[in-house]
Amino acid sequence: MESAAPHPASRSLLRLGTAIGALLVLLGSYVVASTAPADAAPGVNAIRVAEFPADCTYSHRLPDDPIVFPGLPGASHMHSFFGSTVTNAHTTLPDLVGSATTCNPRVDVSSYWVPTLYRDDVPVEPSIATFYYLGEGVRPDVVAQTQPFPLGLRLVAGNARAAGPGDSIARWSCLHAGHVPPSKDFVNCPAGTMLESYLDFPQCWNGRDLDSPDHKSHLTYPVNQACPASHPVHVPKLRQVLRYPVNGDPSRLRLASGPGYTMHGDFFNAWPVEELARRVRDCIRPVIKCGHDGRPL
Amino acid sequence: MRPRLAALLAALLLATGCATGTPPATGTPPAGQFSATDIAWLQLSVAMAERLLPILDLVPDRTTDPAWRRLATRIETSERIHLTRARRLLADFGAPVANPHEGHDMPGMLTDEELTALRSATGRTFHRLAAGHLRAHLTQSVRIASAEQQGGSDPAATGLAATVVRAGTADLARLDHLDRAPTLPPVPAARQ
């Protein structure tokens, strides 16, 4: 039986996994950078990447959702929470500010949550949960104008109501098994590898609202490598990467929201304003890869 | 028309810059009497009622037990009244009826597989399954309506919540009476 907590002996393996993951991100941005027509000096900038990460281990589980069902404990399917350790159905911004957090860096007291993954009806929590803040997918001049997320922003990405893979932006793959093609639904990962989930949040904000009735439409995805006029403010692309200590037969797996393609993520921003602004200024706009402390690596 | 009035109010509030950073945003007036909790509870209540009605519709065909038929009719009547009131309030608030999580393995809501199983069940099996689903629905419905009573803002919404709590609690007692050896809800805790 695999347990939800990372096994000490597998730590080095996990670290290797993180390194490989980071390398993949680098390679990914190399592809983006080298295909971007407006790249000023591709030879020099090719593998530069605009990034700072927050690694937030699993905190707690509750059938609560302070964005979709605020004030209604028990109203939601089961969620697994990362980051702030206090989040429940009643959580508002003042509760998060100054709360304890599972994140590295500790300064990130934001709350992140996803539908709980079950194998044979037993919850499985990610052994690695990384939230990358990226400057990619848009033209370099747009990256250079990135603004921090406003304090208190609430945002849902993915489609909990997806009726099939066609309605979904979920991506499942295997850590340490690149030959298994990624899919919008669960994949069968070979023994010794981990199931991983990628989810990209939208990065163009309407510049006005902290939330919207569907909790999505105050932000949107870029069009033609730029932000549309309706959502003109470019913010970091939040990429959620979860590594679950499970592999094998995907028919034993389900999310609290249903099949793998219903994967979604909720983000409640509570970064201290100046701290987030500094990271955007020092890492994203100048396209520099930063560590957890928000300093260039 | 009430929805039109709500939309007009929303536009006015936006135009006069009254919109604050609190929960609802684009196109809905966050200021005033209703809150994000009201909206979320109404949306969820609509989704839950719409999921329950097909179960209740099955009862007359599947059982000849008059007590079962009476209870199903009673619950169906109150669910339809609550559903109408909830839909009207959402329209008044200018809020969409759909909720982002409806229909997906939600506490108190039947999955498609469970509905299929119920459709092919008869006799005692049907009674047992239907009682389990009704109990799960009523329990969840009372739980979230109690939360709305405490945390909601709009008097019409919290008033409806109070009605739902009263009716749901009474129906749960009737169900317990009817289904004397209460079976566990068919949805184990891990499925939430």
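Trainee: What stands opposite G265(A) in strand 17 of chain A?
Mentor: A157(A) does. This is a predicted model, where local features need pLDDT of at least 70, side-chain atom pairs count only at pLDDT 80 or more, and totals for chains, interfaces and linings use all residues. Residues are numbered from 1 along each chain as its sequence is written, with chains lettered from A and ligands numbered from 1 in written order.

Trainee: What counts as a strand or a helix?
Mentor: Both are DSSP runs, numbered from the N terminus: E with at least two residues for strands, H or I with at least four for helices.

Trainee: How many bridges join strand 9 to strand 17 in chain A?
Mentor: There are 5, and the two strands run antiparallel. Strand 9 covers residues 154-158. Two strands pair if DSSP finds at least two bridges between them.

Trainee: And strand 5 of chain A, how many bridges to strand 17?
Mentor: 3 bridges, again antiparallel. There, S111(A) has F268(A) as its bridge partner.

Trainee: Is strand 17 of chain A covered or open?
Mentor: Mostly covered: 5 of its 5 residues are buried. Buried means 20 or more other C-beta atoms within 10 Å of the residue's own; 12 or fewer is exposed, in between is partly exposed, and C-beta atoms are placed from the backbone.

Trainee: Which residues sit on each side?
Mentor: H264(A), D266(A) and F268(A) are on one side, G265(A) and F267(A) on the other. In a regular strand, side chains alternate between the two faces of the sheet.

Trainee: New topic. What about helix 2 of chain B, how many residues has it?
Mentor: It has 27 residues, 36-62. From first C-alpha to last it reaches 40 Å, close to the expected 39 Å. The expected span is 1.5 Å times one less than the number of residues.

Trainee: Why is helix 2 of chain B called largely enclosed?
Mentor: Because 19 of its 27 residues are buried.

Trainee: How do helix 2 and helix 3 of chain B cross?
Mentor: Their axes come within 9 Å and cross at roughly 150°. Axes are lines fitted to C-alpha atoms, for helices over the stretch in contact, and angles run from 0 to 180 degrees between N-to-C directions. The two helices are therefore roughly antiparallel. Over 145 degrees counts as that; under 35 is roughly parallel, 65 to 115 roughly perpendicular, and the rest oblique.

Trainee: What residue classes make up that contact of helix 2 with helix 3 of chain B?
Mentor: 17 nonpolar, 3 polar and 4 charged residues. Nonpolar covers Ala, Val, Leu, Ile, Met, Phe, Trp, Tyr, Cys and Pro; charged covers Asp, Glu, Lys and Arg; the others, Gly among them, are polar.
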